[in-house]
Amino acid sequence: MPESGQVDRSATASGAASASTATAVDNAPVLDKTFKPSWVFAMALGSAIGWGAFILPFDWMTDGGLAGTLLGFLIGGFAILVVAFSYGFVVRALPVTGGGVAFALASLGRIHAFIAGWALTLGYAGIVALNASAITLVFRVTLPDLFMRIKLYEVAGWDIYLPEVLIASLFIVVFGYLNFRGASISGRFQFYAVVLIIVSVAIIFVSMLVYYFNNDVTMAPSFPTDTSPLAAIAVIVAFAPWAYVGFDSVPQLAGEFNFSPRKALGLLIWGVSIATLIYMTMMIATSIAVADGHSNYEDDAWPPAAAIADVMGPVGLLLMVIAVSAGVLTGLNGFYTATSRVLFTMGKARMLPGKVAHIHEKHNTPVIAIIVTALLCLISPWFGRAALNWVVDMTSVGITIAYFYACYCAYKIARDGQLTAVNLEVGRNATQKWISLAGCILSLGFMALLLVPGSPGILSTESFYALFVWLILGLGFFWMRSKVYLSQDEDELKKVVLQ
């Protein structure tokens with residue numbers, strides 16, 4: 001039997017350890033709960049609808065045709081809704097900041113949490129950079145004489161002009177400052193910009209329908225003549241994981257909701273559903289405007305806008321510029337916010353240096369995480385849009401990884417009715433279990449579309465090289481942080497991230 005002194009020392013040590021853990025948890029940085037439902041909806045929709053809805057419909061006419069594209073988006077939108085149901089379910093259970101990292105930690109452990117964080121950081125930051133470059137495209141089309149001058153060099157066939165580098169960098173800095181000043185500012189901006197998108201798209205769509213019913217419009221074939229209908233639909237379905245990236249920014253903000261997390265599912269469903277409608281309505285509008293004159297617009301810098309302007313006049317071009325500008329800026333703002341929250345959570349978990357989780361005293365924003373996001377993105381304007389597209393295509397793999405972790409976490413909670421990592425008891429849910437299992441399978445299917453040779457969505461060779469570099473960087477960074485990250489107390493880690 002141990003001496004009483006030994007027992008006392010043991011108890012004292014245990015108490016000290018408990019006190020240390022409690023202090024660490026109590027001192028963990030926490031963001032204010034300021035995000036309203038309307039702002040969260042705008043984050044989901046605005047991030048999912050970027051420049052693609054307004055620039056790519058002409059390309060979809062070639063790849064999928066009108067019918068193939070509409071069916072492809074219906075199928076792809078439904079598949080993303082399955083994933084969204086899992087996000088909504090798991091957010092109810094774990095309404096915490098940096099949700100993707102938290103979901104992986106809670107269901108599969110700390111190594112998977114790092115993988116999720118690394119995947120989301122590069123995925124989101126890459127799309128911030130892409131949206132910044134899309135802003136320069138708008139200027140390139142509308143004011144070419146002003147912005148296509150002072151050529152610096154060429155990367156992968158894309159000319160790099162100094163004014164475009166400066167304007168992209170300026171927008172990255174401005175939106176970094178916007179996020180730094182507070183969630184309420186970025187939330188309000190997101191909401192008003194999304195309203196602009198919806199109004200602009202509605203006016204364009206109704207105008208094109210009126211034009212169609214009042215004129216003898218000869219439409220192009222429903223499917224490409226040189227492609228089977230099934231293959232045409234598959235090409236668009238393969239685009240779905242990329243098209244809807246951004247709706248999943250909502251779980252990254254869950255710790256800042258000023259409303260019940262039960263509402264998250266409805267906001268996600270509305271976000272994905274309206275995004276699908278916008279993609280489909282812009283496809284219909286472009287198809288009506290182009291009709292059977294596809295060859296007339298092949299050499300145009302922005303075919304959908306040119307075709308719609310030919311029908312609606314300058315008002316059509318103005319509405320397209322408003323819509324694409326708002327789409328790009330909401331993507332820039334939404335992904336900026338999501339990236340900084342993932343980095344903030346990784347800093348709290350000590351996957352990154354703890355300073356990354358520092359909160360500004362006045363604005364209560366993750367200032368260091370926002371600065372890191374800005375620095376990552378400021379590299380991109382110097383490499384041009386062609387090279388950036390390789391990186392963004394590669395980051396689709398990272399996003400699908402995050403989809404899988406969220407669906408698996410939801411599946412585990414629904415199957416077991418509990419989550420031992422946070423002493424969570426919610427009761428079994430057979431329906432959600434099967435929905436989440438389907439989400440896991442769809443996530444793996446999305447990944448297969450990107451990685452399996454012969455797939456309609458297979459990554460380019462350059463994107464595979466970028467993916468390899470990304471994996472090596474991740475392994476190297478994990479090795480550098482592994483001693484600190486893996487040695488910390490399990491309970492403390494989970495409390496800091498999951499509560």
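Let me begin with a term: a pocket here is an open set of grid points with protein on both sides within 12 Å along at least five of seven lines. Its volume is the space filled by probe spheres set on those points. Please bear in mind that this is a predicted model.

In the largest pocket there is about 970 Å³ of space. Its lining comprises 34 residues, and those nearest the centre are Trp51, Leu56, Asp59, Phe239 and Asn389. Two or more lining residues come from each of α4 (57–63), α7 (110–142), α11 (229–243) and α17 (384–416). Sorted by class, this lining holds 24 nonpolar, 4 polar and 6 charged residues.

I turn now to the second largest pocket, with a volume of about 760 Å³. Here 30 residues form the lining, and Leu122, Leu376, Ile379, Val391 and Leu473 are the closest to the centre. The elements that supply two or more residues are α7, α15 (314–348), α16 (367–378), α17 and α19 (461–487). Of these, α17 gives the largest share, 7 residues. What is the make-up of this lining by class? It has 24 nonpolar, 5 polar and 1 charged residues.

Finally, the helix. Helix α9 covers residues 162–181, 20 residues in total, and at 1.5 Å a residue it should therefore span 28 Å. The C-alpha atoms at its ends lie 29 Å apart, in agreement with that expectation. Just after α9 comes Gly182, which takes a positive phi of about 145°.

Notes. Residues numbered from 1 in each chain as written. Predicted model: local features only at pLDDT ≥ 70, side-chain atom pairs only at ≥ 80, totals over all residues. Heavy atoms only, no water. 1 Å grid on protein atoms, 1.4 Å probe; cavity = no way out; pocket = protein on both sides within 12 Å on 5 of 7 lines; lining within 4 Å. Helix = DSSP H or I, 4+ residues; strand = E, 2+ residues; numbered from the N terminus. Nonpolar A, V, L, I, M, F, W, Y, C, P; charged D, E, K, R; others polar. Expected span 1.5 Å × (residues − 1).
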